[in-house]
Amino acid sequence: MTSPLLTATAGLRGRAWWHTGATLAVLLCAAYLGRRHWPVLETGAGRLASADQGWLLVAATAAVATWACSALAQQGAVAEPLPGGRLVAAQFAASAANHVLPAGLGAGAVNLRFLMRCGLSAGRSASALAVKAAAGVLARAALIAVLAAACPGVLRIPHVPGTAVAAVLAATVLVTVLLRGPLRSRCGPAVASVVTDIRAVHSRPHRAAALWGGSLAFASAHSLVLVAVTQAVGLPLSPARVALLYLAASSAAALLPTPGGLGSLDAALAFALTTGGAPATAAASAVLGYRLLTVWLPLVPGLLVLTALIRRRAV
């Protein structure tokens, strides 16, 4: 008889191979597109080099603020107080790890270990991450709704075939039946733990404010990075329009399991900006600047911080 451990290991290996294959496919497509449009990228890099330094400083400040916002949201998802300095350092390290492993696995692993080192059980730590992730999705959706109302016509709802709607409804019914039947004994305790943590957080107004305020500020800070870079390179789009395009593009890119959205987010942002009315060269400059400030410059320092946290058994 196959042991549960062997089954779980095989499942993890299967998901790892799938993630790796999908990542390689996206990166190959990104390399092909980069080679095909290299003159535009080269011109965009030159334009970024001569961009407005003041706006680039604003973008860099917003990029640094994303780690503090993430730390605030993580503290809000936990009823117990967490060590502030180590919490911010863990978010910085998690952002670097997130650019090495696909689909947010790096950030999730670092934050899970950090919470467990702070005394939370594995179940409570996973529940806290789930609460933070859910708040982040809802906060992002709220920002998209507000900006879509402020910028009508920017986002167009695609036509969805009736068969697709029927398939989604059927899948929803199937999941509901499974959760109420065969999977109830397995998923019930996990769902109950998440619900308990949500109630515990919202019974403390300051924790709830930290959770929702940090989640909103995190998405807003990332949007501000791109907005400031577009202003630095003189991209002819309003800040609200750029923020809306960023939130929509990054939400779509999150469906592809590449490390930190490498390739998928770049293509989605460039496509969104160009379809939104920006010249191709300016859009390339904006995407390069955004990725430079949020990925490439913090990557090595973030990995060094992660190494230090591991040596100190903080994660």
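**A tour by selection**

Begin by selecting helix α9 (residues 205-232) together with α12, whose axes come within 9 Å of each other and cross at roughly 135 degrees; axes here are lines fitted to C-alpha atoms, for helices over the stretch in contact, and angles run from 0 to 180 degrees between N-to-C directions. α9 and α12 are therefore oblique to each other, given that angles under 35 degrees count as roughly parallel, over 145 as roughly antiparallel, 65 to 115 as roughly perpendicular and the rest as oblique. The crossing in which α9 passes α12 is right-handed, a crossing being left-handed if the near helix is turned anticlockwise from the far one by less than a right angle, and right-handed if clockwise.

The model is predicted, so that local features need pLDDT of at least 70 and side-chain atom pairs count only at pLDDT 80 or more, whereas totals for chains, interfaces and linings use all residues. Residues are numbered from 1 along each chain as its sequence is written, and side-chain values use heavy atoms, with hydrogens and water left out.

Now show the whole chain as a cartoon: its secondary structure comes to 12 helices and 0 strands, where helices (H or I, at least four residues) and strands (E, at least two) are DSSP runs, numbered from the N terminus. Of the 315 residues, 38% count as buried; buried means under 20% relative accessible area, exposed over 50%, and partly exposed in between (1.4 Å probe, protein chains only).

Next, select α5 and helix α6 (residues 122-150), which pack with their axes 9 Å apart at an angle of about 130 degrees. That angle makes α5 oblique to α6, and the crossing of the two is right-handed. Within helix α6, pick out A128, which counts as buried because its relative accessibility is 2%.

How many salt bridges does a search of the whole structure find? There are 2, a salt bridge being a side-chain nitrogen of Lys or Arg within 4 Å of a carboxyl oxygen of Asp or Glu. Select E80 and R124 for one of them, in which the closest N and O atoms are 3.1 Å apart. E80 lies in the loop between α3 (53-76) and α4, and R124 in helix α6, so the pair ties together parts that are 44 residues apart in sequence. E80 is partly exposed, with a relative accessible area of 31%, and R124 also counts as partly exposed, at 26%.

Then select D266 and R291, which form a salt bridge with the closest N and O atoms 3.1 Å apart. D266 lies in helix α11 (residues 264-275) and R291 in helix α12, so this pair ties together parts that are 25 residues apart in sequence. R291 counts as buried, at 5% relative accessibility.

Go on to R313, in the segment after α12 (280-311), where phi is near 55 degrees, a positive value in a residue other than glycine. Most residues other than glycine have a negative phi. R313 is exposed, with a relative accessible area of 61%.

Finish with L101, which is placed in the loop between α4 (84-97) and α5 (105-117) and counts as partly exposed at 40% relative accessibility.
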